[in-house]
Amino acid sequence: MLDKQMAQALNEQINKEMYSAYLYMSMSAYSSNMGLKGFANWFMVQYHEEMFHAMKIYEYVQRQGEEVKLEALQAPPAEFSSQLDMFTKTLAHEQFITSSINELMEMAQSKKDHATQIFLEWYVTEQVEEEENDNDIILQLKLIGDNAHALLMLDRELAARATTIPTDFSKGVEAAAKAAA
Ligand code: FEO
């Protein structure tokens with residue numbers, strides 16, 4: 001059982017996660033256009049992660065007998081001034097998502113909705129990792145500065161990032177996550 005206000009807030013979070021996917025897809029396209037295939041790969045892996053985040057909530061809302069209501073997606077930015085600009089925007093966006101998850105958790109606590117609190121714990125942990133990843137890359141990009149050779153070395157490193165979460169949700173998100181574990 002899911003309180004209507006909680007269901008509405010979770011539906012809004014689906015939209016935020018889908019926008020995150022869209023934003024990182026745009027960053028991937030931009031990186032690809034710049035000839036930075038490693039950065040493009042990193043953001044495309046991030047796109048898949050965000051789709052997984054959205055689909056987990058989608059499935060949770062349905063399993064709790066509530067309706068999934070999808071809203072329009074905002075268009076993401078298509079131009080960035082540098083790789084540092086992209087990762088600075090990524091971190092700012094992730095900090096916004098962290099606040100949003102915290103607000104959901106506070107709502108679940110205020111409603112004594114234990115199931116949703118347990119469900120959201122995964123997102124609380126995930127956000128720490130997301131912000132840490134962005135901070136690490138921002139530090140490296142600051143060290144790199146205008147050094148094109150060092151930027152290409154980082155590009156090669158980012159090319160190695162692989163998708164570790166399920167991307168096929170046809171059998172359900174939880175089933176896919178268990179199969180992939
Ligand atoms: Fe789903 Fe990157 O937060």
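User: Which residues is His 93 in contact with, leaving aside its neighbours within four places in sequence?
Analyst: This is a predicted model, and in it His 93 is found in helix H3. Once neighbours within four places in sequence are left aside, the residues in contact with His 93 are Lys 16, Tyr 19, Ser 20, Leu 23 and Tyr 24.

User: Does His 93 count as buried or exposed?
Analyst: A residue is called buried when its relative accessible area is under 20%. The relative accessibility of His 93 is 10%, so His 93 counts as buried.

User: Where does Glu 50 lie, and how is it classed by its relative accessibility, buried or exposed?
Analyst: Glu 50 lies in helix H2. Its relative accessibility is 1%, and therefore Glu 50 counts as buried.

User: Which residues is Glu 50 in contact with, and what separates its C-alpha atom from that of Tyr 24?
Analyst: Leaving aside neighbours within four places in sequence, Glu 50 is in contact with Glu 17, Ser 20, Ala 21, Tyr 24, Glu 94 and Glu 130. Tyr 24, which is also listed among the contacts of His 93, stands 26 residues from Glu 50 along the chain. The separation between the C-alpha atoms of Glu 50 and Tyr 24 is 8.7 Å.

User: What is the pattern of helices and strands along the protein chain?
Analyst: The protein chain has 6 helices and 0 strands. Read along the sequence, these elements give the pattern α-α-α-α-α-α.

User: Why is the protein chain described as being as compact as a globular protein of that length?
Analyst: For 181 residues the globule rule gives 16 Å, and the value for the protein chain is close to that, so the chain is as compact as a globular protein of that length. Its C-alpha atoms fill a box of roughly 55 × 30 × 30 Å along the principal axes. The radius of gyration on which the comparison rests is 17 Å.

User: Which residues does Ala 177 touch, and how is it classed by its relative accessibility?
Analyst: Ala 177 lies in helix H6 (residues 173-180), and not counting residues up to four places away in sequence, it touches Phe 52 and Pro 166. The C-alpha atoms of Ala 177 and Pro 166 are separated by 5.8 Å, although the two are 11 residues apart along the chain. Because its relative accessibility is 23%, Ala 177 counts as partly exposed.

Methods:
Residues are numbered from 1 along each chain as its sequence is written. This is a predicted model: local features need pLDDT of at least 70, side-chain atom pairs count only at pLDDT 80 or more; totals for chains, interfaces and linings use all residues. Side-chain values use heavy atoms; hydrogens and water are left out. Helices (H or I, at least four residues) and strands (E, at least two) are DSSP runs, numbered from the N terminus. The radius of gyration is taken over C-alpha atoms; the globule rule is 2.2 Å times the number of residues to the power 0.38. Buried means under 20% relative accessible area, exposed over 50%, partly exposed in between (1.4 Å probe, protein chains only). Contact means heavy atoms within 4.5 Å.
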